Amino acid sequence: MDQQPNDRQSNPRPASTNFYRVVAILALVLAVAEFFLALHYRRESDRNVAEKFEQLYYNSLVWLNSTSWLGIPSEQAPTDNWSMQEIITETRPDFIIEAGTANGGTTLFYASVLSFVNPDGKVITVDVEPHVDKASKMPIWKQSVQLIVGSSVDPKVTDQIAQEVSGKKVLVTLDSLHTHDHVLREMEIYSKLVSPGSYLVVQDTNINGHPVNPGWGPGPMEAVDDFMKTHDNFVADRSREKFLLTHYPKGWLKRIK
């Protein structure tokens, strides 16, 4: 009997085809890796540029000497005040507690924004030595601001504030003595008054090399780091740093529970 030809003869793929496929896959992997590496370095570069600008801006002292609200000095970066007005508008607090009044320009700013979103809202501001002769003559101050002269951690002061804001929606911002121990003590006291969904804003976390004033010593940033180790009811809302220039990096703490 004649042997039938085998119609299922093997047709091996040329070795060169397999080689080119491997090369193509490797090239794709390398391209993807290069893309993510470039993205990483771009982010690092953007961060470095932002930090350099923060140092340039901070060292210019324009925020200290040439920034005002309603003619009263407000020692803040305008971008931070803008983020604060967004928070005030979103949360519509009954009370804003401000530790550190200085000349009262920032107090007036908070009161001005609050008057639009909660006309009955009040700003309670505390300072050991406020300089508000000019600010206190403004109508919005008389309408919406309560000044307490004293230390922000004095039990007489804190007990008075706690009693006044009990059961109300509260936003807190800390801008008094910028030492680690003082800020951490403030945070422990005032965090209990912050309403869920509202904020505890710790100002000037940029000092002590974050990225300015490297010789300051442990301050607000270090206090925030220690506070966050034991308080899982707060998270750092980094979205509030969207303008890139901020004096409060990691200092926008939102109460989530």
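Student: Where does L70 lie?

Tutor: L70 lies in the loop between strands β1 (68-69) and β2 (72-73). Helices (H or I, at least four residues) and strands (E, at least two residues) are DSSP runs, numbered from the N terminus. The model is predicted: local features need pLDDT of at least 70, side-chain atom pairs count only at pLDDT 80 or more, and totals for chains, interfaces and linings use all residues. Residues are numbered from 1 along each chain as its sequence is written, and side-chain values use heavy atoms, with hydrogens and water left out.

Student: Why is L70 called partly exposed?

Tutor: A residue is buried under 20% relative accessible area, exposed over 50%, and partly exposed in between (1.4 Å probe, protein chains only). L70 has a relative accessibility of 45%, and therefore counts as partly exposed.

Student: What makes the phi of L70 worth noting?

Tutor: Most residues other than glycine have a negative phi. The phi of L70 is near 55°, a positive value in a residue other than glycine. D204, in the loop between β7 and α8, also has a positive phi, near 60°.

Student: Is D204 buried or exposed, and how do you know?

Tutor: D204 has a relative accessible area of 10%, so it is buried.

Student: What is the form of the peptide bond from H210 to P211?

Tutor: Most peptide bonds are trans. The bond from H210 to P211, with omega near 10°, is cis.

Student: How do you know that the span of helix α3 agrees with its length?

Tutor: The expected span of a helix is 1.5 Å times one less than its number of residues. Helix α3 (residues 78-91) has 14 residues and should span 20 Å; its end C-alpha atoms are 20 Å apart, so the two values agree.

Student: Why is α3 called largely enclosed?

Tutor: Ten of its 14 residues are buried, and α3 is therefore largely enclosed by the rest of the structure. Among these buried residues are M84, I87 and I88. The buried residues of α3 pack against β3, α4, β6, β7 and β9 (252-255).

Student: What makes α4 mostly covered?

Tutor: Eleven of the 13 residues of α4 are buried; F109 and L114 are among them.

Student: Why is F116 called exposed?

Tutor: F116 is in helix α4 (residues 105-117). With 73% relative accessibility, F116 counts as exposed.

Student: What makes β6 and β7 a pair, and in which sense do they run?

Tutor: Two strands pair if DSSP finds at least two bridges between them. β6 and β7 have three bridges and pair in the parallel sense; T173, for example, has V201 in β7 as its bridge partner. β7 is also joined to β9 by three bridges, and these two strands run antiparallel. Here L200 stands opposite L253 in β9.

Student: Which way do the residues of β7 point?

Tutor: Y199 and V201 point one way, L200 and V202 point the other way, and all are buried.

Student: What makes a group of residues a nonpolar core?

Tutor: A nonpolar core is a set of buried Ala, Val, Leu, Ile, Met, Phe, Trp, Tyr and Cys residues joined through side-chain atoms within 4.5 Å. The largest such core here has 25 residues, and those with the most contacts inside it are I161, M187 and L200. α7 gives the most to this core, with four residues. A second, separate core of 23 residues includes F109, A111, V123 and A135.

Student: What does I161 contact?

Tutor: Leaving aside neighbours within four places in sequence, I161 is in contact with I97, I124, V126, I148, Y190 and L193.

Key: Contact = heavy atoms within 4.5 Å.
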